[in-house]
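Hi everyone, thanks for coming along. Let me put today's structure on the screen, and then I'll walk you through it.

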Amino acid sequence: MTKLSVNINKVATLRNSRGGNVPNVVQVAKDCERFGADGITIHPRPDERHITRKDVFDLRPIITTEFNIEGYPSRDFIDLVLSVKPHQVTLVPDSPDQLTSNAGWNTKEHQAFLREVLDEFNTAGIRTSVFIETDKEMIEYAAKAGADRVELYTEPYALNYPTDPATAAAPFIEAAKLVKSLGMGLNAGHDLNLENLNYLYNNIPWLDEVSIGHALISDALYLGLEKTIQEYKKCLSE
Ligand SMILES: CC(=O)[C@@H](O)[C@H](O)COP(=O)(O)O
Ligand SMILES: NCC(=O)COP(=O)(O)O
């Protein structure tokens, strides 16, 4: 089964645009679970432009499915994750002021750093995932660094899918095979949506988890959150 982890960053973006607590991020997380989400993903950025430190602590006790925290492993981020102890941490190579994630790690160049950070999380019993592109060497070095899983950065797939789905998916399928052969788990995310998700799932049914935020929360404006989550779940089952 491929799990759907709903990224609720955009809910916090909307809340922060006015101050106050509308929409209520904790309630939305509870409702996502009630409507069938298999997990909740957040990406607390250093400027707290959406998810705040307080959100991270508020969310921890109410999540009954799987909690995934994404972010660049600064000392602050590492300490936050170690104190909150989510089920999974996903390491992303973003700079503090980056608009959104736009690349995977160079796991060869940052091998020593990643190994050290992954070791800290592994010792704390937190499952680790490393955000990477489809390059073979990057996958091999993620395994060498000790990652439990990798998350394939799917923006290139999403960009190319409308013109040529097979060509768009090909490097992801190859990468997914290699990840499997190396014994790592496999996640995917960024710009997945109701159009492109099912094709990826059908071609890589051993995907452990997808994390989806921007498109899913946007779809919910039209369909409502419950129906939207059902539609995304359908893409992961047919
Ligand atoms: C790691 C990743 O793929 C991102 O999609 C991310 O979590 C989204 O971050 P923003 O919501 O800040 O764009
Ligand atoms: N890891 C990807 C994620 O959490 C959500 O990405 P997006 O759907 O907001 O592009």
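UniProt, in an unreviewed entry, lists Arg45, His50 and Thr100 under "binding site"; keep in mind that what you see here is a predicted model. Those three span 56 residues in sequence, yet no two of their C-alpha atoms are more than 11.7 Å apart, so they gather at one spot. Arg45, His50 and Thr100 also belong to the lining of the largest pocket.

Let's take two of them in turn. Arginine 45 sits in the loop between strand S2 and helix H3. Is arginine 45 buried or exposed? Buried, with a relative accessible area of 7%. Setting aside residues up to four places away in sequence, arginine 45 touches His50, Ile51, Asp94, Gln98, Thr100 and Ser101.

Threonine 100 is in the loop between strand S4 and helix H5, and at 34% relative accessibility it counts as partly exposed. Beyond its neighbours within four places in sequence, threonine 100 contacts Arg45, Asp94 and His190.

Now, the pocket itself. The largest pocket holds about 500 Å³ of space. Its lining has 23 residues, with Asn7, Asn9, Lys10, Thr100 and His190 nearest the centre. Helix H1 gives the largest share of that lining, three residues. By class, the lining has twelve polar, six charged and five nonpolar residues.

One more stop, please: the second largest pocket, at about 320 Å³. Arg45 turns up here too, among the residues nearest the centre, along with Pro44, Pro46, Ser74 and Phe77. Helix H4 provides the largest share of this lining, three residues.

Note on methods. Residues are numbered from 1 along each chain as its sequence is written. Chains are lettered from A and ligands numbered from 1 in the order in which they are written. This is a predicted model: local features need pLDDT of at least 70, side-chain atom pairs count only at pLDDT 80 or more; totals for chains, interfaces and linings use all residues. Side-chain values use heavy atoms; hydrogens and water are left out. UniProt positions are given in the numbering used here, feature names are shortened, and annotations may be inferred rather than shown by experiment. On a 1 Å grid over the protein atoms alone, a cavity is a set of points where a 1.4 Å probe fits but cannot get out, and a pocket is an open set with protein on both sides within 12 Å along at least five of seven lines; lining residues have an atom within 4 Å of a point. Helices (H or I, at least four residues) and strands (E, at least two) are DSSP runs, numbered from the N terminus. Buried means under 20% relative accessible area, exposed over 50%, partly exposed in between (1.4 Å probe, protein chains only). Contact means heavy atoms within 4.5 Å. Grid points are joined across faces, edges and corners, and a volume is the space filled by probe spheres set on the points. Ala, Val, Leu, Ile, Met, Phe, Trp, Tyr, Cys and Pro count as nonpolar, Asp, Glu, Lys and Arg as charged, and the others, Gly among them, as polar.
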